[in-house]
Amino acid sequence: MLVGSVTNPHELDQVCLLADLIELRLDHFDIEKQPLFPCIFTLRKKEQGGVCNLSEKERLAKIERLLELGPEYCDIEADTDPAFIERIAKKFPKVQLIGSYHNFKETPQDLDAILKEMKNPHFAIYKIALKANSTADMLRLMVFAKTARVPISVMSMGPFGKPSRVIAPIVGSVLDYSGLDEETTLHRYSLKTLLDLYHYRKLNRNTLIYSLIGDPVEQSPGPAFHNPRFQRNGVYIAMPVKERDVGECFELIRKLPFGGLSVTIPIKELIAPEMDEITPVAQAIGAINTVTFKDGKAFGTNTDAPGALNAIEKHMLVKGKRLAILGAGGTARAIAYEAKQRGAHVAVFNRTPSRAKEFGCEGYPLEALQNHPYDILVNTIPPQSAFIPHIQPNTTVMDVVYYPKETPLLAAAKKLGCHLVYGEEMFIEQALLQQNVWM
């Protein structure tokens with residue numbers, strides 16, 4: 001059930017159009033009469049993220065007075081005086097109590113201990129909100145929710161926790177909270193984004209999760225591209241995964257209903273040990289950008305290679321052409337492999353030229369590009385490096401970066417009359433191939 005959390009009464013009309021249930025944050029504003037819509041009353045104390053300035057005795061007295069208005073639910077912190085919880089449970093039997101726990105610093109290791117400590121016979125739902133300091137933290141909470149034997153509402157807070165707002169209903173979370181805006185402090189998707197982009201109302205325990213993993217992932221067009229294209233019950237998210245967390249994240253992903261993954265830098269070359277099978281193409285390239293889960297196994301392949309060349313060959317066939325690649329990471333390796341398969345003459349320019357030998361190509365330092373003729377230049381070096389190479393006029397120039405669309409390299413190439421191939425063209429081609437692999 002999608003809950004619209006309201007801290008400003010002026011938002012009510014808009015939130016009521018989008019949410020199934022309204023949380024009235026009564027530590028932010030007061031009400032005097034019974035609401036005309038299904039709602040949760042929350043008068044949160046400061047220690048658990050509220051703004052209530054009352055003493056605990058005054059706060060509990062106010063909660064009891066407010067319950068006279070007859071809300072459907074009341075959110076009460078699980079560490080509240082048990083005698084008070086028992087009193088309001090008996091006095092207001094039609095009000096369902098949500099026992100809540102918040103930790104704004106971390107996701108503790110022993111989640112079972114947290115739930116055990118919260119247990120109360122008067123709670124209809126247990127709500128657990130924890131700060132995630134890694135995607136592994138967020139996934140641990142999702143695995144915990146999936147196996148919980150009580151009605152539970154879970155959410156991860158912080159940048160790493162944002163995907164939990166989509167995964168939670170898939171693992172059985174009974175209440176999922178959001179608001180009108182993309183909340184910057186709690187890092188949640190807005191109600192409209194959940195409904196329109198992630199088709200929240202279709203999410204259920206049979207939904208397969210697909211995700212981009214890597215770092216960074218915030219600007220990826222993946223969710224906007226993939227979500228409208230699923231032909232079955234699936235949803236696509238983006239999860240930032242640091243190099244150090246790859247193993248732990250894969251262990252947790254295998255415990256959740258994932259259908260597949262897109263893999264981006266810097267972990268394309270690190271995930272091979274996590275695979276049960278790898279296609280010959282991905283083995284030859286030495287990098288995996290697409291993972292499919294089926295029958296408990298993980299299958300790795302690479303769609304970067306054909307995707308990049310498909311994008312280029314919509315403008316120019318590469319057979320017999322001289323193709324220069326800037327950089328020597330996983331994407332460069334994939335493009336070099338596929339370009340050679342299609343008959344191009346490939347040279348790699350990198351700060352460490354010897355890496356090109358791993359591709360079976362000629363290798364040169366970056367500065368050698370100005371003296372090396374080429375027909376097609378492909379850049380795989382991230383724009384934050386601030387490196388702008390020597391560009392030969394009237395050639396074809398491609399940048400694999402898709403955000404911003406016109407990178408500094410492409411802007412410079414445009415002034416020289418070059419034919420441009422944008423990174424989003426490669427993204428679309430490889431993403432279409434990923435859809436084919438997953439389906």
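The model is predicted, so to speak of local features takes a pLDDT of at least 70 and side-chain atom pairs count only at pLDDT 80 or more, while totals for chains, interfaces and linings use all residues. Residues are numbered from 1 along each chain as its sequence is written, and side-chain values use heavy atoms, with hydrogens and water left out.

Let us start with the open space. On a 1 Å grid over the protein atoms alone, a pocket is an open set of points with protein on both sides within 12 Å along at least five of seven lines, a cavity is a set where a 1.4 Å probe fits but cannot get out, and lining residues have an atom within 4 Å of a point. Grid points are joined across faces, edges and corners, and a volume is the space filled by probe spheres set on the points.

The largest pocket has a volume of about 1,000 Å³. Its lining counts 43 residues, and Thr264, Ile265, Thr331, Val400 and Val401 lie nearest its centre. Strand 11 (258-263), helix 12 (330-341) and helix 15 (423-438) are the elements giving two or more residues to this lining; helix 15 gives the most, with five. Helices (H or I, at least four residues) and strands (E, at least two) are DSSP runs, numbered from the N terminus. By class, the pocket lining has 19 nonpolar, 17 polar and seven charged residues. Here Ala, Val, Leu, Ile, Met, Phe, Trp, Tyr, Cys and Pro count as nonpolar, Asp, Glu, Lys and Arg as charged, and the others, Gly among them, as polar.

The axes of helix 11 and helix 12 come within 8 Å and cross at roughly 65 degrees (axes are lines fitted to C-alpha atoms over the stretch in contact, and angles run from 0 to 180 degrees between N-to-C directions). The two helices are therefore roughly perpendicular, a word for angles of 65 to 115 degrees.

How values were computed
Angles under 35 degrees count as roughly parallel, over 145 as roughly antiparallel, 65 to 115 as roughly perpendicular and the rest as oblique.
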